[in-house]
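Open the model in your viewer and get ready to select residues as we go. At each stop you will hear what to pick and what is there.

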Amino acid sequence: MMEVTREKSMENRPNWTSRYAFILATIGSAVGLGNIWRFPYIMGQHGGAVFLITYLILITTICFIPLLAELSIGKITQKECIGAYESINPRFKYLGMMNPVACILVAAFYFVVGGWIINYIYLGCTDFEANNYATYFSSFTQNSIPTCILTIIFLFTCIFFTARGIKKGVEVANNIMMPLLAVILIGLVIYSLNLPNAGVGLAYMFKPDFSKINGEMFLCALGQALFTLSIGMGTILTYGSYIKDDKNIAKSAYSIIFFDTMFALMAGIMIFPAIFSFGLEPNSGAGLVFVTLPHIFAQMTGGNFVSVAFFTLLLFAALTSGISILEVPVASLTERLKISRLKASALVFLIVAIIALPATLSFGLLKDISIFNKTIFDLLDYLTANIMMPLNALVICLLAGYGLKLKGHMFMQNKTLATLFNVGLRIIIPIVLVGVLLIGLQ
């Protein structure tokens, strides 16, 4: 093992203005479409309450370890992903390149969904009502020009804040959007809880049926926990590299997990009572947000207002995550190539746009193009979620467990807790992640 020390040349590197700013930005990175779009429908597909219990156990125990490891690497090295890996061992810099590459690929399909959200906000403002929302959604996503324009608008909005830097861009965006996101979510939760039969939806969320426990449900819960915390993308490492020395990263890690989980729970409390109130199925899958919920909004009193509020909530969540995703390649280009943040942002904008536009068109003009029996959009989703993120998380655990002397940097002075943490970091979590990778490759 080796001790990694900071370089004097990094003294002018930007830092968060406060612990609050760091926590808010990191929560903004974690709280995204994974919480408000993906979490409810994944839970709906895997038994409701029993999935929730499994998810809560995994995110507070197993997922805490790689989260803290990634924060530690960033804080100790005070460098972006490639530089951080290189500090541990010069040969590892090539492994560090996986992080900005993964973020670019995630952005390429994630930002397509961001464009869809903008469209649905517009629909809510225009009193639009479809006879069949499934048909509308299919028709809309195949409409090449509008969807490409919306993807670029979403990408430009994210890169605008990233280009302005940590204090004037990332912090400002999160300081505005995260409180607004919380206020809108709380308002929608209160509204949903007052719908008829809301109690049935709550029972579905919190009354477990343990007969639904199986291996697939466990792996889905673990994958969701890793996905929602942004582990294995480099965002946590990059944000951790902007922490000053006086920060308790273990406390910060648990704060991130707590608030991320609270947002996911509130999203479920907002959605499931509404679903059961209108007699729809909770396991409607990925179309829950863009097909099932608009159908519900159309039947509600004041449904247009609720629709605009919900998709605005979703937009803020997507933007805060999108900004953090772009921060990884922008920081890497800025520090590795010694170019300005503006130039790095412009280059990242161009690269993401080149990949994102074919992903957008994979629902329409390019829908017949198949790579490994997947559309371009589905391939990017599969490649990042099933392979690159678990692989990156595995590398992070091995680097932190074997490449760094974490003693003295960690929160645990208790030898027993420190031993358990290191066993988890070096043995248990890598075995679990290898299992996730093998299943993902099937």
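Start by selecting T312, which lies in helix 16; helices here are DSSP runs of H or I with at least four residues, numbered from the N terminus. T312 counts as buried because its relative accessibility is 17%, where buried means under 20% relative accessible area, exposed over 50% and partly exposed in between, with a 1.4 Å probe and protein chains only. Leaving out residues up to four places away in sequence, T312 touches I121 and I184; contact means heavy atoms within 4.5 Å.

A word on what you are viewing: this is a predicted model, in which local features need pLDDT of at least 70 and side-chain atom pairs count only at pLDDT 80 or more, while totals for chains, interfaces and linings use all residues. Residues are numbered from 1 along each chain as its sequence is written, and side-chain values use heavy atoms, with hydrogens and water left out.

The crossing of helix 15 with helix 16 is right-handed, that is, the near helix is turned clockwise from the far one by less than a right angle. To see the contact, select L293, P294 and F297 on helix 15, then G303, V306, S307, F310 and F311 on helix 16. Sorted by class, that contact has six nonpolar, two polar and no charged residues. Here Ala, Val, Leu, Ile, Met, Phe, Trp, Tyr, Cys and Pro count as nonpolar, Asp, Glu, Lys and Arg as charged, and the others, Gly among them, as polar.

Stay with helix 15 (residues 292-299) and colour T292, L293, P294, I296 and F297, which are buried.

Now step back to V291, in the loop between helix 14 and helix 15. Setting aside neighbours within four places in sequence, V291 is in contact with Y133, A134 and F137.

For the next stop, show helix 9 (residues 144-163) with helix 17 (residues 341-361); their axes are 10 Å apart and the packing angle is about 155°. Helix 9 and helix 17 are therefore roughly antiparallel to each other, a label for angles over 145 degrees. Their crossing is right-handed. By class, the contact of helix 9 with helix 17 has 14 nonpolar, six polar and one charged residues. Residues to pick include T151 and L155 in helix 9, and F349 and V352 in helix 17.

Finish with the aromatic rings: the whole structure has 29 aromatic pairs. Rings of Phe, Tyr and Trp (its six-membered ring) pair if their centres lie within 6.5 Å; planes under 30 degrees apart count as stacked, over 60 as edge-to-face and the rest as tilted. Select W16 and Y239, an edge-to-face pair with 5.1 Å between centres and 85° between planes. W16 sits in the segment before helix 1 and Y239 in helix 13, 223 residues apart. Both W16 and Y239 are buried.

Then pick F109 and F377: their ring centres are 5.7 Å apart and their planes at 80°, so this pair is edge-to-face. F109 belongs to helix 7 and F377 to helix 18, 268 residues apart. Both F109 and F377 are buried.

Methods:
Axes are lines fitted to C-alpha atoms, for helices over the stretch in contact, and angles run from 0 to 180 degrees between N-to-C directions. Helices (H or I, at least four residues) and strands (E, at least two) are DSSP runs, numbered from the N terminus. Angles under 35 degrees count as roughly parallel, over 145 as roughly antiparallel, 65 to 115 as roughly perpendicular and the rest as oblique.
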